[in-house]
Amino acid sequence: ILLFAVSLVFFSITERFRTYAMLVGMQGVLLFGISFSLLKEINTLNLIFIVAETLVFKAFIIPWLLYRLIKRTKTARVHKGALPAFYSMLLVIVAMLVSVVLTSVLQDSSVDNFFLAISIFAMLTGMILITTHKRIFSHMIGFLIIENAVFLFSIAAGSEMPMLINTAI
């Protein structure tokens, strides 16, 4: 989960779309590891859902489609008018602090606070990426980060009904 948070900071400073695609794939692998390690009981249906939604789609298919899109559109870098990487990193660090403060205020015994903090951080990072970049590719990456945040939030809140959460995702 800490590597996932580090990847969010790295999203803020990178300027190449190929790196974005690689980071999205890495986040898919990390989400698979996180969700697999949290399985309370390993049954075939749960395992198939987790492998399909994290490894197959998030780690392989989506990055492959992003690489194809980069090659087809011949765009390699973030728009020059985007917020500079230093300021973007500062915004992401502020988002990290805001997520920690929000998590400490919203403490609940049924929700894993660590996963909640990282999911709020991921959601804020995705919104920062969407609002500070001009190209639609960056917006798409921001929405993928927000989708990963929703996945992490479902892990934080969904330990009671994992099959229902997996089906919803």
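This is a predicted model: local features need pLDDT of at least 70, side-chain atom pairs count only at pLDDT 80 or more; totals for chains, interfaces and linings use all residues.
The largest nonpolar core holds 36 residues. Within this core, F4, F11, Y20, I141 and L152 touch the most other members. Six helices each supply at least two of the core residues: α1 (2-13), α2 (17-37), α3 (44-73), α4 (85-105), α5 (113-132) and α6 (136-157). Helix α6 gives the largest share, with nine residues. The surroundings of L152 illustrate the packing. Beyond its neighbours within four places in sequence, L152 contacts I1, F4, L31, I34, F115, I118 and S119.

Helices α4 and α5 form a contact of their own. Their axes come within 8 Å and cross at roughly 145°. The crossing is right-handed. From α4, the contact involves L91, V92, A95, M96, V98, S99, L102 and T103.

One salt bridge was found in a search of the whole structure. The partners are K58 and E147, whose closest N and O atoms lie 2.3 Å apart. K58 belongs to helix α3 and E147 to helix α6, so the pair ties together parts 89 residues apart in sequence. E147 is partly exposed, with a relative accessible area of 31%.

Methods:
Residues are numbered from 1 along each chain as its sequence is written. Side-chain values use heavy atoms; hydrogens and water are left out. A nonpolar core is a set of buried Ala, Val, Leu, Ile, Met, Phe, Trp, Tyr and Cys residues joined through side-chain atoms within 4.5 Å. Buried means under 20% relative accessible area, exposed over 50%, partly exposed in between (1.4 Å probe, protein chains only). Helices (H or I, at least four residues) and strands (E, at least two) are DSSP runs, numbered from the N terminus. Contact means heavy atoms within 4.5 Å. Axes are lines fitted to C-alpha atoms, for helices over the stretch in contact, and angles run from 0 to 180 degrees between N-to-C directions. A crossing is left-handed if the near helix is turned anticlockwise from the far one by less than a right angle, and right-handed if clockwise. A salt bridge is a side-chain nitrogen of Lys or Arg within 4 Å of a carboxyl oxygen of Asp or Glu.
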